[in-house]
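Please look through the structure shown here before reading on. The paragraphs below go through it part by part.

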Amino acid sequence: MSRAVILLLDSFGIGYAHDAAKYGDVGADTLGHIYQWFAKNRPEKPLYLPHMASLGLGAASKLSRGNVLHLGAEHTRGAYTYAQEVSKGKDTLSGHWEISGVPVTFDWGYFPDKPNCFPQELVEDLIKQGNLPGILGECHASGTEILKVLGEEHLRTGKPIVYTSADSVLQIAAHEESFGLERLYALCQLAFDLVKPYNIARVIARPFVGTCAEDFVRTTNRHDYAVPAPQPTLLDKLVEAGGKVYAVGKIADIFAHRGISRHYAAGGLEKLVDATKQALQDAPDKSLIFTNFVDFDSSYGHRRDPQGYGEALEYFDSRLPEMLSLLWEDDLLLLTADHGNDPTWTGTDHTREHIPVLFSGAGVQTKELPPMQTFADIGQTIAAYLDLAPTTTGTKADLF
(Lines give C-alpha, C1' and ligand atoms only; values in the text may rest on other atoms or scores of the structure.)
Protein backbone atom coordinates (compact mmCIF):
# COMPACT_ATOMS: atom_id res chain seq x y z
CA MET A 1 0.00 0.00 0.00
CA SER A 2 1.13 3.60 -0.55
CA ARG A 3 0.15 7.26 -0.41
CA ALA A 4 0.52 10.15 -2.85
CA VAL A 5 1.07 13.78 -1.84
CA ILE A 6 0.49 16.79 -4.09
CA LEU A 7 1.84 20.14 -2.96
CA LEU A 8 0.43 22.60 -5.49
CA LEU A 9 1.84 26.13 -5.45
CA ASP A 10 -1.03 28.04 -7.01
CA SER A 11 0.19 30.10 -10.02
CA PHE A 12 3.86 29.02 -9.84
CA GLY A 13 4.65 28.96 -13.56
CA ILE A 14 8.15 28.38 -14.92
CA GLY A 15 8.07 29.91 -18.39
CA TYR A 16 5.50 30.77 -21.04
CA ALA A 17 3.71 27.90 -22.77
CA HIS A 18 3.85 26.91 -26.42
CA ASP A 19 0.39 28.42 -27.02
CA ALA A 20 0.93 31.56 -24.91
CA ALA A 21 0.42 33.80 -27.96
CA LYS A 22 -3.29 32.92 -27.92
CA TYR A 23 -3.50 34.48 -24.47
CA GLY A 24 -1.18 37.45 -24.95
CA ASP A 25 1.36 35.86 -22.61
CA VAL A 26 4.47 35.32 -24.73
CA GLY A 27 7.39 36.17 -22.47
CA ALA A 28 5.57 35.55 -19.17
CA ASP A 29 7.72 33.69 -16.66
CA THR A 30 6.62 33.70 -13.02
CA LEU A 31 9.71 32.10 -11.47
CA GLY A 32 12.18 33.63 -13.91
CA HIS A 33 10.97 37.19 -13.47
CA ILE A 34 10.83 36.88 -9.68
CA TYR A 35 14.42 35.61 -9.82
CA GLN A 36 15.43 38.58 -11.98
CA TRP A 37 13.65 41.03 -9.67
CA PHE A 38 15.61 39.75 -6.68
CA ALA A 39 18.88 39.83 -8.62
CA LYS A 40 18.28 43.50 -9.38
CA ASN A 41 16.67 44.68 -6.15
CA ARG A 42 18.22 42.36 -3.57
CA PRO A 43 21.60 41.48 -5.11
CA GLU A 44 23.18 40.83 -1.73
CA LYS A 45 20.67 37.99 -1.17
CA PRO A 46 19.38 36.40 -4.42
CA LEU A 47 16.26 34.29 -4.47
CA TYR A 48 17.08 31.26 -2.32
CA LEU A 49 15.05 28.05 -2.72
CA PRO A 50 17.52 25.24 -1.94
CA HIS A 51 15.05 22.54 -0.94
CA MET A 52 12.88 22.90 -4.02
CA ALA A 53 16.05 23.16 -6.10
CA SER A 54 17.26 19.83 -4.69
CA LEU A 55 14.00 18.29 -5.96
CA GLY A 56 14.71 19.62 -9.45
CA LEU A 57 13.08 23.07 -9.59
CA GLY A 58 16.07 24.82 -11.16
CA ALA A 59 16.59 21.94 -13.59
CA ALA A 60 12.90 21.90 -14.59
CA SER A 61 13.03 25.66 -15.09
CA LYS A 62 16.05 25.31 -17.36
CA LEU A 63 14.24 22.63 -19.35
CA SER A 64 11.27 24.97 -19.77
CA ARG A 65 13.04 28.32 -20.15
CA GLY A 66 16.36 27.32 -21.67
CA ASN A 67 18.70 28.96 -19.15
CA VAL A 68 19.86 28.30 -15.61
CA LEU A 69 18.51 29.79 -12.39
CA HIS A 70 20.82 29.39 -9.42
CA LEU A 71 18.43 28.76 -6.53
CA GLY A 72 20.88 27.65 -3.85
CA ALA A 73 21.33 23.94 -4.59
CA GLU A 74 21.72 21.45 -7.41
CA HIS A 75 19.23 18.73 -8.29
CA THR A 76 20.04 15.77 -6.06
CA ARG A 77 16.91 13.62 -5.85
CA GLY A 78 13.73 12.83 -7.68
CA ALA A 79 12.52 13.08 -11.26
CA TYR A 80 11.77 16.46 -12.80
CA THR A 81 10.25 18.00 -15.90
CA TYR A 82 7.61 20.56 -16.87
CA ALA A 83 4.06 20.13 -18.18
CA GLN A 84 2.07 22.17 -20.64
CA GLU A 85 -1.68 22.64 -20.54
CA VAL A 86 -4.14 21.56 -23.22
CA SER A 87 -7.31 22.84 -21.51
CA LYS A 88 -8.99 25.93 -22.82
CA GLY A 89 -8.40 28.90 -20.55
CA LYS A 90 -5.79 29.46 -17.87
CA ASP A 91 -7.96 29.36 -14.77
CA THR A 92 -7.75 27.42 -11.54
CA LEU A 93 -10.46 24.88 -12.30
CA SER A 94 -9.03 23.98 -15.70
CA GLY A 95 -5.54 23.45 -14.29
CA HIS A 96 -6.68 21.30 -11.37
CA TRP A 97 -9.11 19.25 -13.44
CA GLU A 98 -6.46 18.55 -16.06
CA ILE A 99 -3.95 17.50 -13.39
CA SER A 100 -6.58 15.05 -12.13
CA GLY A 101 -7.09 13.61 -15.62
CA VAL A 102 -9.97 15.71 -16.99
CA PRO A 103 -8.83 18.43 -19.43
CA VAL A 104 -11.34 21.16 -20.24
CA THR A 105 -12.28 20.79 -23.92
CA PHE A 106 -15.15 23.30 -23.91
CA ASP A 107 -15.23 27.08 -23.65
CA TRP A 108 -16.10 28.61 -20.29
CA GLY A 109 -18.31 31.66 -20.23
CA TYR A 110 -16.76 35.03 -19.40
CA PHE A 111 -18.07 38.48 -18.59
CA PRO A 112 -16.82 41.30 -20.87
CA ASP A 113 -14.26 43.80 -19.58
CA LYS A 114 -16.50 46.86 -19.60
CA PRO A 115 -18.63 48.82 -17.12
CA ASN A 116 -21.88 47.10 -16.13
CA CYS A 117 -20.36 43.85 -17.36
CA PHE A 118 -23.10 41.55 -16.05
CA PRO A 119 -26.32 40.87 -17.98
CA GLN A 120 -29.12 43.06 -16.67
CA GLU A 121 -31.39 40.06 -16.11
CA LEU A 122 -28.73 38.44 -13.92
CA VAL A 123 -28.36 41.60 -11.86
CA GLU A 124 -32.08 42.03 -11.41
CA ASP A 125 -32.55 38.39 -10.37
CA LEU A 126 -29.69 38.58 -7.89
CA ILE A 127 -31.11 41.73 -6.28
CA LYS A 128 -34.71 40.46 -6.18
CA GLN A 129 -34.06 36.88 -5.06
CA GLY A 130 -31.27 37.92 -2.70
CA ASN A 131 -33.47 40.61 -1.12
CA LEU A 132 -30.78 43.22 -1.69
CA PRO A 133 -30.99 47.04 -1.80
CA GLY A 134 -28.82 46.85 -4.93
CA ILE A 135 -25.27 45.88 -5.82
CA LEU A 136 -21.98 47.71 -6.30
CA GLY A 137 -19.16 47.08 -8.74
CA GLU A 138 -20.42 45.28 -11.86
CA CYS A 139 -16.94 45.40 -13.39
CA HIS A 140 -13.57 43.69 -13.77
CA ALA A 141 -11.47 44.52 -10.73
CA SER A 142 -8.70 43.53 -8.36
CA GLY A 143 -10.29 42.09 -5.25
CA THR A 144 -8.22 44.21 -2.90
CA GLU A 145 -8.44 47.44 -4.87
CA ILE A 146 -12.21 47.32 -5.22
CA LEU A 147 -12.51 47.20 -1.42
CA LYS A 148 -10.64 50.49 -1.20
CA VAL A 149 -12.96 52.06 -3.74
CA LEU A 150 -16.34 50.60 -2.72
CA GLY A 151 -15.91 49.11 0.76
CA GLU A 152 -17.11 52.17 2.65
CA GLU A 153 -20.14 52.56 0.39
CA HIS A 154 -20.93 48.90 1.02
CA LEU A 155 -20.90 49.56 4.78
CA ARG A 156 -23.20 52.57 4.36
CA THR A 157 -25.70 50.99 1.99
CA GLY A 158 -25.56 47.25 2.65
CA LYS A 159 -25.10 46.66 -1.09
CA PRO A 160 -22.64 43.78 -1.75
CA ILE A 161 -19.73 44.31 -4.15
CA VAL A 162 -20.09 42.09 -7.22
CA TYR A 163 -17.21 41.90 -9.68
CA THR A 164 -15.27 39.58 -12.01
CA SER A 165 -11.93 39.18 -13.78
CA ALA A 166 -10.52 37.64 -16.95
CA ASP A 167 -11.34 34.23 -15.45
CA SER A 168 -14.71 32.53 -15.69
CA VAL A 169 -15.85 33.77 -12.31
CA LEU A 170 -18.29 35.97 -10.42
CA GLN A 171 -17.07 37.22 -7.05
CA ILE A 172 -19.06 38.79 -4.23
CA ALA A 173 -17.37 40.78 -1.47
CA ALA A 174 -19.23 41.70 1.71
CA HIS A 175 -18.31 42.70 5.23
CA GLU A 176 -18.14 39.62 7.42
CA GLU A 177 -19.75 41.35 10.40
CA SER A 178 -22.17 43.99 9.09
CA PHE A 179 -23.45 41.94 6.12
CA GLY A 180 -22.92 38.55 7.75
CA LEU A 181 -20.86 35.56 6.67
CA GLU A 182 -23.71 33.08 6.36
CA ARG A 183 -25.76 35.62 4.42
CA LEU A 184 -22.84 36.08 2.02
CA TYR A 185 -22.56 32.33 1.54
CA ALA A 186 -26.28 32.05 0.84
CA LEU A 187 -26.06 34.90 -1.67
CA CYS A 188 -23.17 33.19 -3.45
CA GLN A 189 -25.10 29.92 -3.62
CA LEU A 190 -27.96 31.84 -5.21
CA ALA A 191 -25.55 33.51 -7.65
CA PHE A 192 -24.04 30.11 -8.53
CA ASP A 193 -27.49 28.89 -9.55
CA LEU A 194 -28.18 32.08 -11.51
CA VAL A 195 -24.94 32.01 -13.56
CA LYS A 196 -25.38 28.43 -14.78
CA PRO A 197 -26.95 29.54 -18.08
CA TYR A 198 -23.81 31.62 -18.73
CA ASN A 199 -21.43 28.63 -18.22
CA ILE A 200 -19.46 30.37 -15.47
CA ALA A 201 -16.98 28.10 -13.69
CA ARG A 202 -17.04 29.55 -10.17
CA VAL A 203 -18.73 31.96 -7.80
CA ILE A 204 -16.45 33.07 -4.96
CA ALA A 205 -17.47 34.52 -1.60
CA ARG A 206 -14.95 37.20 -0.56
CA PRO A 207 -15.65 38.24 3.05
CA PHE A 208 -13.67 41.11 4.54
CA VAL A 209 -13.38 43.06 7.78
CA GLY A 210 -12.29 46.56 8.75
CA THR A 211 -13.78 50.01 9.29
CA CYS A 212 -12.52 52.10 6.37
CA ALA A 213 -10.65 51.96 3.07
CA GLU A 214 -7.30 52.11 4.84
CA ASP A 215 -7.81 48.97 6.91
CA PHE A 216 -10.16 46.71 4.93
CA VAL A 217 -8.70 43.22 4.67
CA ARG A 218 -10.08 40.00 3.25
CA THR A 219 -10.48 37.15 5.74
CA THR A 220 -9.64 33.47 5.35
CA ASN A 221 -13.34 32.55 5.18
CA ARG A 222 -13.38 32.61 1.38
CA HIS A 223 -15.61 29.96 -0.14
CA ASP A 224 -15.72 28.83 -3.78
CA TYR A 225 -18.84 27.44 -5.45
CA ALA A 226 -17.50 25.49 -8.43
CA VAL A 227 -18.91 23.48 -11.31
CA PRO A 228 -18.07 19.78 -10.83
CA ALA A 229 -15.80 18.08 -13.35
CA PRO A 230 -17.74 16.47 -16.22
CA GLN A 231 -15.92 13.13 -15.83
CA PRO A 232 -14.48 11.17 -12.88
CA THR A 233 -11.24 12.70 -11.63
CA LEU A 234 -8.27 11.05 -9.98
CA LEU A 235 -9.91 11.95 -6.65
CA ASP A 236 -13.18 10.26 -7.61
CA LYS A 237 -11.37 7.13 -8.74
CA LEU A 238 -9.40 6.83 -5.53
CA VAL A 239 -12.45 7.19 -3.28
CA GLU A 240 -14.44 4.78 -5.45
CA ALA A 241 -11.63 2.23 -5.05
CA GLY A 242 -11.82 2.50 -1.27
CA GLY A 243 -9.04 5.03 -0.77
CA LYS A 244 -9.10 8.41 0.93
CA VAL A 245 -8.57 11.99 -0.27
CA TYR A 246 -7.36 14.50 2.33
CA ALA A 247 -7.97 17.96 0.87
CA VAL A 248 -6.17 20.97 2.34
CA GLY A 249 -7.14 24.58 1.65
CA LYS A 250 -9.40 25.24 -1.32
CA ILE A 251 -9.00 21.81 -2.97
CA ALA A 252 -12.42 20.67 -1.74
CA ASP A 253 -14.07 23.78 -3.20
CA ILE A 254 -12.24 23.40 -6.52
CA PHE A 255 -13.54 19.85 -6.92
CA ALA A 256 -17.05 20.83 -5.74
CA HIS A 257 -16.53 18.67 -2.62
CA ARG A 258 -16.71 15.54 -4.80
CA GLY A 259 -14.17 12.80 -4.21
CA ILE A 260 -13.17 14.32 -0.85
CA SER A 261 -12.85 12.24 2.32
CA ARG A 262 -11.69 14.95 4.71
CA HIS A 263 -11.33 18.69 4.32
CA TYR A 264 -8.80 20.80 6.23
CA ALA A 265 -9.94 24.42 6.11
CA ALA A 266 -6.94 26.73 6.30
CA GLY A 267 -5.91 30.12 5.01
CA GLY A 268 -2.56 31.82 4.87
CA LEU A 269 0.70 30.14 3.96
CA GLU A 270 1.72 29.33 7.53
CA LYS A 271 -1.59 27.67 8.39
CA LEU A 272 -1.69 25.80 5.08
CA VAL A 273 1.72 24.27 5.85
CA ASP A 274 0.53 23.37 9.34
CA ALA A 275 -2.67 21.80 7.99
CA THR A 276 -0.68 19.81 5.43
CA LYS A 277 1.52 18.46 8.19
CA GLN A 278 -1.58 17.41 10.10
CA ALA A 279 -3.04 15.71 7.04
CA LEU A 280 0.23 13.84 6.52
CA GLN A 281 -0.03 12.58 10.09
CA ASP A 282 -3.70 11.62 9.72
CA ALA A 283 -3.83 10.01 6.29
CA PRO A 284 -3.78 6.18 6.12
CA ASP A 285 -2.55 3.85 3.39
CA LYS A 286 -3.98 4.36 -0.10
CA SER A 287 -4.55 8.07 0.43
CA LEU A 288 -4.02 11.24 -1.55
CA ILE A 289 -3.03 14.33 0.43
CA PHE A 290 -3.67 17.33 -1.84
CA THR A 291 -2.89 20.93 -0.81
CA ASN A 292 -3.41 24.13 -2.76
CA PHE A 293 -1.14 26.93 -1.49
CA VAL A 294 -3.35 29.74 -2.73
CA ASP A 295 -1.44 32.72 -1.34
CA PHE A 296 1.13 32.73 -4.15
CA ASP A 297 -1.72 33.50 -6.54
CA SER A 298 -4.16 35.56 -4.49
CA SER A 299 -1.78 37.60 -2.36
CA TYR A 300 1.15 38.15 -4.73
CA GLY A 301 0.50 37.14 -8.34
CA HIS A 302 -2.77 39.01 -8.80
CA ARG A 303 -1.41 41.95 -6.83
CA ARG A 304 1.71 42.08 -9.02
CA ASP A 305 4.04 41.87 -6.04
CA PRO A 306 7.29 40.11 -7.06
CA GLN A 307 8.98 40.80 -3.73
CA GLY A 308 6.11 39.36 -1.71
CA TYR A 309 5.86 36.37 -4.07
CA GLY A 310 9.59 35.64 -3.78
CA GLU A 311 9.63 35.99 -0.01
CA ALA A 312 6.62 33.66 0.22
CA LEU A 313 8.48 31.12 -1.92
CA GLU A 314 11.46 31.35 0.43
CA TYR A 315 9.18 30.84 3.44
CA PHE A 316 7.57 27.80 1.83
CA ASP A 317 10.97 26.40 0.93
CA SER A 318 12.20 26.88 4.50
CA ARG A 319 9.29 24.78 5.78
CA LEU A 320 9.36 22.14 3.06
CA PRO A 321 11.67 19.87 5.13
CA GLU A 322 9.02 19.75 7.88
CA MET A 323 6.57 18.25 5.40
CA LEU A 324 9.16 15.96 3.83
CA SER A 325 10.03 14.58 7.26
CA LEU A 326 6.47 13.27 7.63
CA LEU A 327 6.53 11.23 4.42
CA TRP A 328 6.46 7.46 4.67
CA GLU A 329 9.15 5.49 2.90
CA ASP A 330 6.81 4.53 0.05
CA ASP A 331 5.03 7.89 -0.29
CA LEU A 332 5.10 9.54 -3.72
CA LEU A 333 5.50 13.33 -3.50
CA LEU A 334 4.67 15.77 -6.29
CA LEU A 335 5.44 19.49 -6.19
CA THR A 336 3.65 21.34 -8.98
CA ALA A 337 1.35 24.27 -9.94
CA ASP A 338 -1.85 24.88 -11.93
CA HIS A 339 -1.01 27.88 -14.17
CA GLY A 340 1.18 30.99 -14.03
CA ASN A 341 0.63 34.44 -12.57
CA ASP A 342 3.73 36.45 -13.39
CA PRO A 343 3.85 39.29 -10.83
CA THR A 344 5.82 41.47 -13.26
CA TRP A 345 3.32 41.02 -16.11
CA THR A 346 0.75 43.53 -17.34
CA GLY A 347 -2.72 43.50 -15.83
CA THR A 348 -3.70 41.36 -12.86
CA ASP A 349 -4.64 38.05 -14.47
CA HIS A 350 -3.15 34.57 -14.74
CA THR A 351 -0.49 33.85 -17.34
CA ARG A 352 -0.34 30.83 -19.67
CA GLU A 353 2.80 28.99 -18.55
CA HIS A 354 4.42 25.61 -18.10
CA ILE A 355 4.22 24.21 -14.60
CA PRO A 356 6.97 22.42 -12.66
CA VAL A 357 6.59 18.66 -12.20
CA LEU A 358 8.87 17.44 -9.41
CA PHE A 359 8.34 13.82 -8.29
CA SER A 360 10.28 12.36 -5.38
CA GLY A 361 10.14 9.64 -2.72
CA ALA A 362 8.98 6.03 -3.11
CA GLY A 363 12.20 5.02 -4.85
CA VAL A 364 11.79 7.54 -7.69
CA GLN A 365 14.95 7.67 -9.78
CA THR A 366 16.99 10.86 -9.90
CA LYS A 367 16.56 11.87 -13.53
CA GLU A 368 15.09 14.22 -16.12
CA LEU A 369 11.71 13.21 -17.54
CA PRO A 370 10.49 14.15 -21.03
CA PRO A 371 8.26 17.26 -21.02
CA MET A 372 4.63 16.36 -20.40
CA GLN A 373 2.33 17.29 -23.26
CA THR A 374 -0.64 17.64 -20.91
CA PHE A 375 -1.10 18.16 -17.18
CA ALA A 376 -3.16 14.93 -17.34
CA ASP A 377 0.10 12.94 -17.48
CA ILE A 378 0.44 13.84 -13.79
CA GLY A 379 -2.88 12.28 -12.85
CA GLN A 380 -2.19 9.19 -14.94
CA THR A 381 1.16 8.73 -13.22
CA ILE A 382 -0.33 9.02 -9.74
CA ALA A 383 -3.25 6.75 -10.66
CA ALA A 384 -0.81 4.06 -11.74
CA TYR A 385 1.19 4.45 -8.54
CA LEU A 386 -1.94 4.06 -6.40
CA ASP A 387 -3.00 1.05 -8.50
CA LEU A 388 -6.15 2.75 -9.77
CA ALA A 389 -7.97 2.42 -13.05
CA PRO A 390 -6.41 4.73 -15.67
CA THR A 391 -7.72 8.27 -15.93
CA THR A 392 -9.52 9.25 -19.13
CA THR A 393 -6.50 11.02 -20.64
CA GLY A 394 -2.79 11.28 -20.03
CA THR A 395 0.33 9.12 -20.29
CA LYS A 396 2.07 7.60 -17.28
CA ALA A 397 5.60 8.87 -16.65
CA ASP A 398 8.40 6.39 -16.03
CA LEU A 399 9.55 7.33 -12.54
CA PHE A 400 11.38 4.14 -11.60
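This is a predicted model: local features need pLDDT of at least 70, side-chain atom pairs count only at pLDDT 80 or more; totals for chains, interfaces and linings use all residues.

**A sheet, its helices and a few single residues**

In strand 12, Val-5 has Leu-333 as its bridge partner. Val-5 is one of the residues of strand 1 that point one way from the strand.

Strand 1 covers residues 3–9, and seven of its seven residues are buried. In a regular strand, side chains alternate between the two faces of the sheet. In strand 1, Arg-3, Val-5, Leu-7 and Leu-9 point one way, while Ala-4, Ile-6 and Leu-8 point the other way. The residues on both sides are all buried.

Which strands pair with strand 1? One is strand 11, residues 287–293, which pairs with strand 1 in the parallel sense over seven bridges. In that pairing Ala-4 is opposite Leu-288. Another is strand 12, residues 332–336, which is also parallel to strand 1 and is joined to it over five bridges.

These strands belong to an open sheet of eight strands, in the order 10-9-11-1-12-13-2-14. The pairing in this sheet is mixed. Its edge strands are strand 10 (262–264) and strand 14, each of which pairs on one side only.

Helix 10 lies across strand 1, strand 9, strand 10 and strand 11, and runs at about 180° to strand 11. Helix 12 lies across strand 1, strand 11 and strand 12, and its angle to strand 1 is about 170°.

How do helix 10 and helix 12 cross, and at what angle? The axes of helix 10 (residues 269–282) and helix 12 (residues 306–324) come within 11 Å and cross at roughly 20°. Because of that angle, helix 10 is roughly parallel to helix 12. Their crossing is right-handed. On the helix 10 side, the contact is made by Leu-269, Glu-270, Val-273, Asp-274, Thr-276, Lys-277 and Leu-280. On the helix 12 side, it is made by Ala-312, Tyr-315, Phe-316, Arg-319, Glu-322 and Met-323. By class, the residues of this contact are seven nonpolar, one polar and five charged.

Helix 12 also meets helix 1 (residues 30–41): their axes come within 9 Å and cross at roughly 100°. Helix 1 and helix 12 are therefore roughly perpendicular to each other. From helix 1, the residues in contact are Thr-30, Ile-34, Trp-37 and Phe-38. From helix 12, they are Pro-306, Gln-307, Tyr-309, Gly-310, Glu-311, Leu-313 and Glu-314. This contact has six nonpolar, three polar and two charged residues.

A further helix pair is helix 5 (residues 120–129) with helix 7 (residues 176–194). Their axes come within 10 Å and cross at roughly 145°, and the crossing is right-handed. Leu-122, Asp-125, Leu-126 and Gln-129 of helix 5 make the contact with Leu-187, Leu-190, Ala-191 and Leu-194 of helix 7. Six of these residues are nonpolar, one is polar and one is charged.

Some single residues are left to look at. Most residues other than glycine have a negative phi. Glu-138 is not a glycine, yet its phi is positive, at about 55°. Glu-138 is in strand 3, residues 136–140. Is Glu-138 buried or exposed? Buried means under 20% relative accessible area, and Glu-138 has 15%, so Glu-138 is buried.

Ala-362 also has a positive phi of about 55° although it is not a glycine. Ala-362 is in the loop between strand 13 (355–360) and strand 14 (367–368). With a relative accessibility of 17%, Ala-362 counts as buried.

Gly-95 counts as buried because its relative accessibility is 0%. Which residues does Gly-95 touch, not counting those up to four places away in sequence? They are Glu-85, Asp-338 and Phe-375. Asp-331 is 236 residues from Gly-95 along the chain, and the C-alpha atoms of Gly-95 and Asp-331 are separated by 23 Å.

Methods. Residues are numbered from 1 along each chain as its sequence is written. Side-chain values use heavy atoms; hydrogens and water are left out. Buried means under 20% relative accessible area, exposed over 50%, partly exposed in between (1.4 Å probe, protein chains only). Helices (H or I, at least four residues) and strands (E, at least two) are DSSP runs, numbered from the N terminus. Two strands pair if DSSP finds at least two bridges between them. Contact means heavy atoms within 4.5 Å. Axes are lines fitted to C-alpha atoms, for helices over the stretch in contact, and angles run from 0 to 180 degrees between N-to-C directions. Angles under 35 degrees count as roughly parallel, over 145 as roughly antiparallel, 65 to 115 as roughly perpendicular and the rest as oblique. A crossing is left-handed if the near helix is turned anticlockwise from the far one by less than a right angle, and right-handed if clockwise. Ala, Val, Leu, Ile, Met, Phe, Trp, Tyr, Cys and Pro count as nonpolar, Asp, Glu, Lys and Arg as charged, and the others, Gly among them, as polar.
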